[in-house]
Amino acid sequence: MRIAIIGDVHGCADEFNQLINIVKPKTDLIVQLGDLLHKGPESAKCVELSMKKVDVQLFGNHEQKHIRWLANVQKNTAHTMKNIGDYEDVNLTQEQINYLLTSQLALSHKHWLVVHAGVPSNCSPEYRNLSIYRLEDKIPDKYKTSLYLRYEDENKKSVNYGNEK
């Protein structure tokens with residue numbers, strides 16, 4: 001099986017489409033690692049491309065942030081989001097939002113595991129060996145934060161983004 005893994009598109013729809021068109025004929029499966037949104041000019045178009053051309057969409061921290069921001073907007077509550085323009089300029093349809101909400105959190109196949117950010121080195125075997133995680137599945141809360149980890153310190157301890165030394 002030939003698998004293409006694409007990550008961190010960040011609103012660059014033309015480049016994302018070009019890459020998909022290059023790898024599609026040569027692969028059996030296209031996995032997008034998350035972070036379709038923000039930074040670039042065409043986040044909604046990136047989601048649309050993923051919906052049409054990607055086989056497995058994983059949930060990244062920018063999708064998580066955007067969904068959290070939308071929830072704050074709906075409730076008319078304050079938020080602490082940085083780079084607010086990145087959020088306000090993304091006009092997702094309800095279908096696109098639903099697509100992101102049903103993105104997988106991780107994908108494993110035989111001897112590998114694909115996630116957006118990281119898995120703690122001390123996570124339990126049952127977490128590593130589950131074949132597919134979805135947002136609606138019940139994964140232990142202590143592992144949900146592993147989706148957004150960025151660093152391991154010198155003692156192999158997981159360090160959340162923003163808390164690195």
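Q: Why is E48 called partly exposed?
A: E48 has a relative accessible area of 26%. Buried means under 20%, exposed means over 50%, and partly exposed is what falls in between (1.4 Å probe, protein chains only). So E48, at 26%, goes in the partly exposed class.

Q: Before we go on, what sort of model is this, and how are its residues numbered?
A: It's a predicted model, where local features need pLDDT of at least 70 and side-chain atom pairs count only at pLDDT 80 or more, while totals for chains, interfaces and linings use all residues. Residues are numbered from 1 along each chain as its sequence is written, and side-chain values use heavy atoms, with hydrogens and water left out.

Q: What makes E48 and K52 a salt bridge?
A: The N to O distance between their side chains is 3.8 Å. A salt bridge needs a side-chain nitrogen of Lys or Arg within 4 Å of a carboxyl oxygen of Asp or Glu, so this pair qualifies. E48 and K52 both sit in helix α2, four residues apart, about one turn of the helix. (Helices, H or I with at least four residues, and strands, E with at least two, are DSSP runs numbered from the N terminus.) An α-helix has 3.6 residues a turn, so residues three or four places apart point the same way.

Q: And what is K52, buried or exposed?
A: K52 counts as exposed, because its relative accessibility is 62%.

Q: How many salt bridges does the structure hold?
A: Three. One of them joins D28 and R2, at 3.9 Å from N to O. This pair links distant parts of the chain, 26 residues apart: D28 is in the loop between α1 (13-23) and β2 (29-32), and R2 is in the segment before β1 (3-6). D28 is partly exposed at 44%, and R2 is partly exposed at 47%.

Q: How do you know that D14 forms a salt bridge with K45?
A: Their closest N and O atoms are 3.8 Å apart, so the pair falls within the 4 Å limit. D14 is partly exposed at 42% relative accessibility, as is K45 at 41%.

Q: Why are C12 and C46 not called a disulfide?
A: The search of the whole structure finds zero disulfides. For C12, the nearest cysteine sulfur is that of C46, 6.7 Å away.

Q: Which class does each of the two cysteines belong to, C12 and C46?
A: C12 is partly exposed, with a relative accessible area of 29%, while C46 counts as buried at 0%.

Q: How do you know that the length of helix α3 agrees with its residue count?
A: The expected span is 1.5 Å times one less than the number of residues. For the 15 residues of α3 (residues 61-75) that gives 21 Å, and the end C-alpha atoms are 21 Å apart, so the two agree. Buried residues in α3 include H66 and W69.

Q: What makes H38 and H66 a polar contact?
A: Their side chains come to 3.0 Å. A polar contact is a pair of N or O atoms within 3.5 Å; within protein, one must be able to donate a hydrogen and the other to accept it, and residues adjacent in sequence count only if both atoms are side-chain atoms. At 3.0 Å, the pair is inside that limit. H38 lies in the loop between β2 and α2 and counts as buried, at 1% relative accessibility.

Q: Which residues touch the most other members of the largest nonpolar core?
A: F16 and L36, out of 22 residues. Such a core is a set of buried Ala, Val, Leu, Ile, Met, Phe, Trp, Tyr and Cys residues joined through side-chain atoms within 4.5 Å. Helix α1 gives the most to this core, with four residues.

Q: Why is L33 called buried?
A: L33 has a relative accessible area of 16%, so it falls under the 20% limit. L33 is found in the loop between β2 and α2.

Terms used
Disulfide = S-S within 2.5 Å.
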